[in-house]
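This report describes a sheet, the helices lying on it, and a set of salt bridges. Please look at the sequence and the structure first.

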Amino acid sequence: MLGITFIGSGSKGNSALLELNHAYYLLDAGISCKKICDYLAERKISLDEVKGIFITHEHEDHIKGLKVLLKKAPHLKIYCTPGTASAIVDRGVPIDEFYSLSYEKVFEISNCLCTAFKVPHDASQPMGLHIEKDNYSMVMATDLGCVTPEVIRHTQNADLLCIESNYDLEMLKSCSYPSWLKQRIKSNSGHLPNVGVRGILSRMNKVPESIVLMHLSQESNTKEKALESLESFLEFDGTNFKSMHITVASQDYPSERITVGSELPLRIKNRLIENYEQQNSQNEAVK
């Protein structure tokens with residue numbers, strides 16, 4: 001079973017809880033340690049149960065809470081590229097040791113196969129993640145300025161796809177960001193716009209079970225804009241993307257827990273329970 005819940009995702013900070021074959025890992029620590037621990041407590045998960053943390057790159061919105069988190073939980077094993085590790089240390093976060101990830105090199109973790117892949121972003125050695133278990137795959141690609149052959153190759157067969165949908169072009173043009181920042185965001189090593197998600201979906205070999213739109217800008221995007229951008233694509237005659245479950249990760253509150261490869265996805269279980277309870281209520285009313 002593979003699963004993910006975004007504790008928070010956006011321009012101000014990013015972190016998610018990964019479930020890999022019933023083992024817990026974090027993806028980035030760009031929000032406070034307190035917020036991460038509060039979420040884990042809500043799930044009745046001890047920080048001691050979290051085995052490690054994947055760091056996609058060294059920017060502040062992905063490592064903001066890392067220093068405190070490592071002090072609180074020194075057992076956490078860090079998984080990142082050498083370039084990211086070096087850049088994190090340069091930012092004042094001491095790392096005694098880490099599991100070095102190389103692009104396109106498969107390694108095993110909690111009986112899952114994991115591959116780091118290159119993404120185009122203005123960081124030292126940023127990465128996306130492709131994780132497989134029992135013919136199911138979960139792919140996370142955040143902070144990428146454009147869609148590259150590497151990104152297409154790793155996303156095209158995903159069952160659970162988590163992809164950046166950072167900005168709406170018209171909102172970016174009129175927002176309060178300075179000109180240099182707008183140019184950085186729009187560059188090929190910046191961030192992916194809403195329309196960029198369509199470029200990925202159009203190249204997929206199959207319809208994913210679920211897609212998560214993440215890392216939405218607070219200044220130049222909205223949940224409605226991100227979803228609206230996909231509407232024309234999803235409604236296109238001849239596609240089957242209407243069956244896809246879409247979630248938009250929020251900066252302010254955790255997303256739903258999304259899984260693939262489990263006996264029954266949680267959202268379907270909840271729907272069956274709700275239908276069962278409604279049916280029981282109707283039967284009681286008849287009596």
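## A hairpin at the sheet edge

Strand 7 and strand 8 pair in the antiparallel sense, with four bridges between them. Two strands count as paired if DSSP finds at least two bridges between them. Strands (E, at least two residues) and helices (H or I, at least four) are DSSP runs, numbered from the N terminus. In this pairing, Val106 stands opposite Thr115 in strand 8. The two strands form a hairpin with two residues between them. Ser110, in the turn, has a positive phi of about 50 degrees.

The model is a predicted one: local features need pLDDT of at least 70, side-chain atom pairs count only at pLDDT 80 or more, and totals for chains, interfaces and linings use all residues. Residues are numbered from 1 along each chain as its sequence is written, and side-chain values use heavy atoms, with hydrogens and water left out.

## Strand 8 and its other partner

Strand 8 (residues 112–118) also pairs with strand 9 (residues 127–133), in the antiparallel sense and over six bridges. Phe117 stands opposite Gly128 in strand 9, and Lys118 stands opposite Met127 in that strand.

Is strand 8 mostly covered or mostly open? Five of its seven residues are buried, so strand 8 is mostly covered. Buried means under 20% relative accessible area, exposed means over 50%, and partly exposed lies in between (1.4 Å probe, protein chains only).

The open sheet consists of seven strands in the order 7-8-9-10-11-12-13, with mixed pairing. Strand 7 (106–109) and strand 13 (245–248) stand at the edges with a single partner strand each, so one side of each has no neighbour in the sheet. On average, neighbouring strands of this sheet are turned by 20 degrees against each other, direction ignored.

## Helices across the sheet

Helix 8 (residues 194–201) lies across strand 11 (160–164) and strand 12 (210–214), and runs at about 145 degrees to strand 11. Helix 9 (residues 223–234) lies across strand 12 and strand 13, running at about 155 degrees to strand 13. Contact means heavy atoms within 4.5 Å. Axes are lines fitted to C-alpha atoms, for helices over the stretch in contact, and angles run from 0 to 180 degrees between N-to-C directions.

## Salt bridges

How many salt bridges does a search of the whole structure find? The search finds eight. A salt bridge is a side-chain nitrogen of Lys or Arg within 4 Å of a carboxyl oxygen of Asp or Glu.

One of them joins Glu19 and Arg43, whose closest N and O atoms are 3.0 Å apart. Glu19 lies in strand 2 (residues 15–20) and Arg43 in the loop between helix 1 (33–42) and strand 4 (50–54), so the pair ties together parts that are 24 residues apart in sequence. Glu19 is buried, at 3% relative accessible area, while Arg43 is partly exposed, at 25%. Salt bridges that share partners join Glu19, Arg43 and Arg257 into one network.

Asp38 and Lys34 form another salt bridge, with the closest N and O atoms 2.7 Å apart. Both residues lie in helix 1, four residues apart, about one turn of the helix. Asp38 is partly exposed at 36% relative accessibility, and Lys34 is exposed at 58%.
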